[in-house]
Amino acid sequence: VWWFTPEARKRAKLRHPELGDHGHVIYPGALKPDFDGAHYAKGATLDISHSGSLNPTRSLKPFLAAVARARELRPEIADVLRVHVYGSDLDAVTREGISEYGMEKVVVPHGRLERDPATGKSGRQQVLEAMRRSDALLLVQGTGPFTEEYIPSKFYEYAWTQRPVIGLRRNNNDIKALFDHTGNAMYHEDETAAIAEAILEIYRRWEADDLPDSGKESPYTVEAAVDQIVDAVDKTLSEKGVRPKA
(Lines give C-alpha, C1' and ligand atoms only; values in the text may rest on other atoms or scores of the structure.)
Protein backbone atom coordinates (compact mmCIF):
# COMPACT_ATOMS: atom_id res chain seq x y z
CA VAL A 1 0.00 0.00 0.00
CA TRP A 2 1.28 3.47 -0.74
CA TRP A 3 0.14 7.04 -0.26
CA PHE A 4 0.94 10.17 -2.25
CA THR A 5 1.92 12.31 0.77
CA PRO A 6 3.34 11.70 4.26
CA GLU A 7 0.30 13.41 5.80
CA ALA A 8 -2.10 11.03 4.03
CA ARG A 9 -0.14 8.07 5.37
CA LYS A 10 -0.08 9.56 8.87
CA ARG A 11 -3.84 10.08 8.93
CA ALA A 12 -4.53 6.62 7.55
CA LYS A 13 -2.52 5.14 10.43
CA LEU A 14 -4.48 7.23 12.93
CA ARG A 15 -7.69 5.80 11.49
CA HIS A 16 -6.29 2.26 11.29
CA PRO A 17 -3.56 1.69 13.91
CA GLU A 18 -3.27 -1.93 12.77
CA LEU A 19 -1.32 -0.64 9.74
CA GLY A 20 1.69 -0.32 12.02
CA ASP A 21 4.83 0.34 10.01
CA HIS A 22 3.38 -0.97 6.76
CA GLY A 23 2.97 1.20 3.69
CA HIS A 24 5.02 3.67 1.71
CA VAL A 25 4.92 7.28 0.55
CA ILE A 26 5.55 7.57 -3.19
CA TYR A 27 5.23 10.80 -5.13
CA PRO A 28 3.62 9.87 -8.46
CA GLY A 29 5.39 12.51 -10.54
CA ALA A 30 4.52 13.16 -14.17
CA LEU A 31 5.76 12.15 -17.58
CA LYS A 32 7.86 14.83 -19.26
CA PRO A 33 5.38 16.90 -21.29
CA ASP A 34 5.85 17.53 -24.99
CA PHE A 35 6.06 21.31 -25.21
CA ASP A 36 6.34 21.06 -29.00
CA GLY A 37 9.26 23.46 -29.18
CA ALA A 38 7.66 26.20 -27.11
CA HIS A 39 10.21 28.26 -25.20
CA TYR A 40 10.29 31.31 -22.99
CA ALA A 41 10.99 34.81 -24.28
CA LYS A 42 10.16 38.11 -22.61
CA GLY A 43 7.08 39.79 -24.04
CA ALA A 44 5.29 43.11 -23.68
CA THR A 45 3.39 41.94 -20.58
CA LEU A 46 4.40 40.10 -17.42
CA ASP A 47 2.43 36.89 -17.79
CA ILE A 48 1.72 34.73 -14.75
CA SER A 49 -0.34 31.64 -15.59
CA HIS A 50 -2.60 29.47 -13.46
CA SER A 51 -3.65 26.12 -14.91
CA GLY A 52 -6.30 23.89 -13.41
CA SER A 53 -9.63 24.10 -11.69
CA LEU A 54 -10.84 26.95 -9.51
CA ASN A 55 -13.65 26.89 -6.97
CA PRO A 56 -14.60 28.81 -3.81
CA THR A 57 -12.14 26.73 -1.74
CA ARG A 58 -9.36 27.18 -4.32
CA SER A 59 -9.67 30.69 -5.63
CA LEU A 60 -7.32 33.41 -6.82
CA LYS A 61 -8.55 35.96 -4.28
CA PRO A 62 -5.58 35.60 -1.87
CA PHE A 63 -3.18 36.07 -4.79
CA LEU A 64 -5.13 39.08 -6.07
CA ALA A 65 -4.89 40.62 -2.59
CA ALA A 66 -1.11 40.30 -2.89
CA VAL A 67 -1.19 41.82 -6.39
CA ALA A 68 -3.10 44.76 -4.93
CA ARG A 69 -0.40 45.17 -2.26
CA ALA A 70 2.33 44.99 -4.89
CA ARG A 71 0.48 47.61 -6.94
CA GLU A 72 0.49 49.98 -3.97
CA LEU A 73 4.29 49.75 -3.87
CA ARG A 74 4.82 49.83 -7.64
CA PRO A 75 1.68 51.29 -9.30
CA GLU A 76 3.13 50.77 -12.79
CA ILE A 77 2.87 47.01 -12.36
CA ALA A 78 -0.88 47.24 -13.04
CA ASP A 79 -0.16 48.27 -16.64
CA VAL A 80 1.85 45.17 -17.49
CA LEU A 81 0.86 42.33 -15.15
CA ARG A 82 -1.54 39.73 -16.51
CA VAL A 83 -2.79 36.65 -14.65
CA HIS A 84 -3.90 34.10 -17.22
CA VAL A 85 -6.37 31.43 -16.11
CA TYR A 86 -6.50 28.20 -18.12
CA GLY A 87 -8.75 25.18 -17.75
CA SER A 88 -11.46 26.65 -15.55
CA ASP A 89 -14.16 29.27 -15.37
CA LEU A 90 -13.71 31.91 -12.71
CA ASP A 91 -15.32 30.90 -9.43
CA ALA A 92 -17.48 33.25 -7.35
CA VAL A 93 -14.72 34.05 -4.83
CA THR A 94 -12.22 34.89 -7.58
CA ARG A 95 -14.80 37.13 -9.26
CA GLU A 96 -15.36 38.78 -5.90
CA GLY A 97 -11.63 39.43 -5.61
CA ILE A 98 -11.44 40.85 -9.13
CA SER A 99 -14.18 43.33 -8.27
CA GLU A 100 -12.86 44.16 -4.79
CA TYR A 101 -9.30 44.83 -5.93
CA GLY A 102 -10.06 46.26 -9.37
CA MET A 103 -8.37 43.45 -11.30
CA GLU A 104 -10.60 43.42 -14.37
CA LYS A 105 -7.64 44.30 -16.59
CA VAL A 106 -5.20 42.00 -14.79
CA VAL A 107 -7.07 38.66 -14.83
CA VAL A 108 -7.39 37.09 -18.27
CA PRO A 109 -9.72 34.04 -18.27
CA HIS A 110 -9.20 31.56 -21.09
CA GLY A 111 -11.56 28.89 -19.81
CA ARG A 112 -11.28 25.35 -21.08
CA LEU A 113 -9.44 25.31 -24.39
CA GLU A 114 -10.72 23.04 -27.14
CA ARG A 115 -8.90 21.62 -30.14
CA ASP A 116 -7.57 24.35 -32.41
CA PRO A 117 -8.80 23.54 -35.94
CA ALA A 118 -6.05 25.68 -37.48
CA THR A 119 -3.16 23.81 -35.85
CA GLY A 120 -4.81 20.57 -34.81
CA LYS A 121 -3.45 21.02 -31.29
CA SER A 122 -5.56 19.82 -28.39
CA GLY A 123 -6.56 22.14 -25.58
CA ARG A 124 -4.09 20.38 -23.29
CA GLN A 125 -1.24 20.90 -25.75
CA GLN A 126 -2.06 24.59 -26.05
CA VAL A 127 -2.02 24.97 -22.26
CA LEU A 128 1.30 23.13 -21.95
CA GLU A 129 2.86 25.51 -24.44
CA ALA A 130 1.35 28.52 -22.68
CA MET A 131 2.86 27.29 -19.39
CA ARG A 132 6.27 26.92 -21.01
CA ARG A 133 6.13 30.45 -22.43
CA SER A 134 4.92 32.11 -19.20
CA ASP A 135 7.09 34.45 -17.18
CA ALA A 136 5.97 32.61 -14.04
CA LEU A 137 3.38 30.07 -12.92
CA LEU A 138 0.91 30.15 -10.04
CA LEU A 139 -0.20 27.12 -8.01
CA VAL A 140 -3.01 27.39 -5.46
CA GLN A 141 -3.39 24.54 -2.96
CA GLY A 142 -6.84 25.48 -1.67
CA THR A 143 -8.62 25.24 1.68
CA GLY A 144 -10.84 22.15 1.45
CA PRO A 145 -10.97 19.48 4.19
CA PHE A 146 -8.45 17.18 2.48
CA THR A 147 -5.96 19.71 1.10
CA GLU A 148 -3.40 18.73 3.74
CA GLU A 149 -3.31 15.20 2.31
CA TYR A 150 -2.68 15.71 -1.39
CA ILE A 151 -0.38 17.42 -3.87
CA PRO A 152 -2.11 19.01 -6.88
CA SER A 153 -1.07 17.01 -9.92
CA LYS A 154 -0.37 20.28 -11.72
CA PHE A 155 2.68 20.73 -9.47
CA TYR A 156 4.41 17.78 -11.15
CA GLU A 157 3.70 19.25 -14.58
CA TYR A 158 4.90 22.69 -13.51
CA ALA A 159 8.17 21.15 -12.36
CA TRP A 160 8.95 20.22 -15.97
CA THR A 161 8.47 23.74 -17.38
CA GLN A 162 11.67 25.16 -15.82
CA ARG A 163 9.75 28.37 -15.13
CA PRO A 164 9.52 30.16 -11.73
CA VAL A 165 6.53 29.10 -9.66
CA ILE A 166 4.73 30.97 -6.89
CA GLY A 167 2.75 28.61 -4.66
CA LEU A 168 -0.04 29.35 -2.17
CA ARG A 169 -1.02 26.86 0.51
CA ARG A 170 -3.10 26.71 3.65
CA ASN A 171 -1.79 24.03 6.04
CA ASN A 172 0.01 21.60 3.77
CA ASN A 173 3.64 21.20 4.84
CA ASP A 174 4.32 18.34 2.41
CA ILE A 175 3.87 20.55 -0.65
CA LYS A 176 6.13 23.20 0.86
CA ALA A 177 8.90 20.61 1.10
CA LEU A 178 8.43 19.71 -2.57
CA PHE A 179 8.53 23.38 -3.57
CA ASP A 180 11.72 23.87 -1.58
CA HIS A 181 13.23 20.89 -3.39
CA THR A 182 12.56 22.46 -6.80
CA GLY A 183 13.91 25.86 -5.73
CA ASN A 184 10.55 27.62 -5.86
CA ALA A 185 8.71 29.59 -3.20
CA MET A 186 5.59 28.42 -1.36
CA TYR A 187 3.67 30.82 0.88
CA HIS A 188 0.78 30.52 3.28
CA GLU A 189 -2.11 32.19 1.50
CA ASP A 190 -2.48 34.72 4.35
CA GLU A 191 1.11 35.95 3.89
CA THR A 192 -0.05 38.79 1.67
CA ALA A 193 3.04 40.96 2.16
CA ALA A 194 5.44 38.10 1.40
CA ILE A 195 3.50 37.06 -1.71
CA ALA A 196 3.46 40.69 -2.85
CA GLU A 197 7.24 40.84 -2.49
CA ALA A 198 7.55 37.62 -4.53
CA ILE A 199 5.45 39.23 -7.27
CA LEU A 200 7.61 42.36 -7.18
CA GLU A 201 10.77 40.24 -7.39
CA ILE A 202 9.39 38.52 -10.49
CA TYR A 203 8.53 41.98 -11.84
CA ARG A 204 12.04 43.33 -11.20
CA ARG A 205 13.60 40.33 -12.89
CA TRP A 206 11.16 40.59 -15.81
CA GLU A 207 12.06 44.26 -16.29
CA ALA A 208 15.73 43.31 -16.41
CA ASP A 209 15.00 40.40 -18.78
CA ASP A 210 16.41 38.12 -16.10
CA LEU A 211 13.91 35.25 -15.97
CA PRO A 212 15.85 32.44 -17.64
CA ASP A 213 14.81 28.81 -17.51
CA SER A 214 16.07 27.02 -14.42
CA GLY A 215 17.83 24.41 -16.57
CA LYS A 216 16.73 21.73 -14.08
CA GLU A 217 14.90 18.56 -15.03
CA SER A 218 12.09 17.58 -12.68
CA PRO A 219 13.10 15.03 -10.03
CA TYR A 220 9.48 13.86 -9.80
CA THR A 221 9.12 11.40 -12.65
CA VAL A 222 6.82 8.47 -13.33
CA GLU A 223 9.92 6.30 -13.81
CA ALA A 224 11.16 7.15 -10.31
CA ALA A 225 7.76 6.33 -8.83
CA VAL A 226 7.59 2.98 -10.65
CA ASP A 227 11.10 2.12 -9.48
CA GLN A 228 10.08 2.77 -5.88
CA ILE A 229 6.96 0.62 -6.25
CA VAL A 230 8.92 -2.26 -7.79
CA ASP A 231 11.59 -2.02 -5.10
CA ALA A 232 8.93 -2.06 -2.37
CA VAL A 233 7.24 -5.12 -3.90
CA ASP A 234 10.57 -6.93 -4.31
CA LYS A 235 11.48 -6.19 -0.70
CA THR A 236 8.12 -7.45 0.56
CA LEU A 237 8.37 -10.65 -1.48
CA SER A 238 11.94 -11.20 -0.30
CA GLU A 239 10.89 -10.84 3.33
CA LYS A 240 8.24 -13.48 2.72
CA GLY A 241 10.76 -15.80 1.08
CA VAL A 242 9.24 -15.40 -2.38
CA ARG A 243 11.67 -14.93 -5.21
CA PRO A 244 10.60 -12.06 -7.52
CA LYS A 245 10.16 -12.88 -11.19
CA ALA A 246 12.76 -11.43 -13.56
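**View 1. Residue H50 is buried in the predicted model.** The relative accessible area of H50 is 3%, and because buried means under 20%, this residue counts as buried. H50 belongs to strand β3. Leaving aside residues up to four places away in sequence, H50 touches L60, H84, V85, Y86, L138, V140 and Y158.

**View 2. Six strands form an open sheet.** The strand order is β5-β4-β3-β6-β7-β8, and the pairing is parallel. At the edges stand β5 (107–111) and β8 (185–188), each of which pairs on one side only. On average, neighbouring strands of this sheet are turned by 25 degrees against each other, direction ignored.

**View 3. Strands β6 and β7 pair in the parallel sense.** The pairing of β6 with β7 extends over 4 bridges. For L139, the bridge partner in β7 is G167. Helix α2 packs on the sheet, where α2 touches β3, β4, β5, β6 and β7. The direction of α2 makes about 120 degrees with that of β7.

**View 4. Helices α2 and α8 cross in a right-handed manner.** Two packed helices are described by the angle between their axes and by the distance between those axes. The axes of α2 and α8 come within 8 Å and cross at roughly 65 degrees. From α2, the contact is made by F63, A65, A66, V67, R69, A70 and L73. From α8, the contributing residues are T192, A193, I195, A196, I199 and L200. Of the residues in the contact of α2 with α8, 11 are nonpolar, 1 is polar and 1 is charged.

**View 5. The largest nonpolar core contains 38 residues.** The residues with the most contacts inside this core are L60, F63, L81, M103, L138, I166 and I199. At least two residues of the core are supplied by each of β3 (46–51), α2 (61–73), α3 (77–80), β4 (81–86), α4 (92–101), β6 (136–140), β7 (165–169) and α8 (192–207). Helix α8 provides the largest share of this core, 8 residues.

**View 6. Residue L81 is among those with the most contacts inside the largest nonpolar core.** Not counting residues up to four places away in sequence, L81 touches L46, I48, V67, V106 and I199.

Note on methods: Residues numbered from 1 in each chain as written. Predicted model: local features only at pLDDT ≥ 70, side-chain atom pairs only at ≥ 80, totals over all residues. Heavy atoms only, no water. Core = buried A, V, L, I, M, F, W, Y, C linked by side-chain atoms within 4.5 Å. Buried < 20%, exposed > 50% of the residue type's maximum accessible area, 1.4 Å probe, protein only. Contact = heavy atoms within 4.5 Å. Axes fitted to C-alpha atoms, helices over the stretch in contact; angles between N-to-C directions. Left-handed = near helix turned anticlockwise from the far one by under 90°. Nonpolar A, V, L, I, M, F, W, Y, C, P; charged D, E, K, R; others polar. Pairing = 2+ DSSP bridges.
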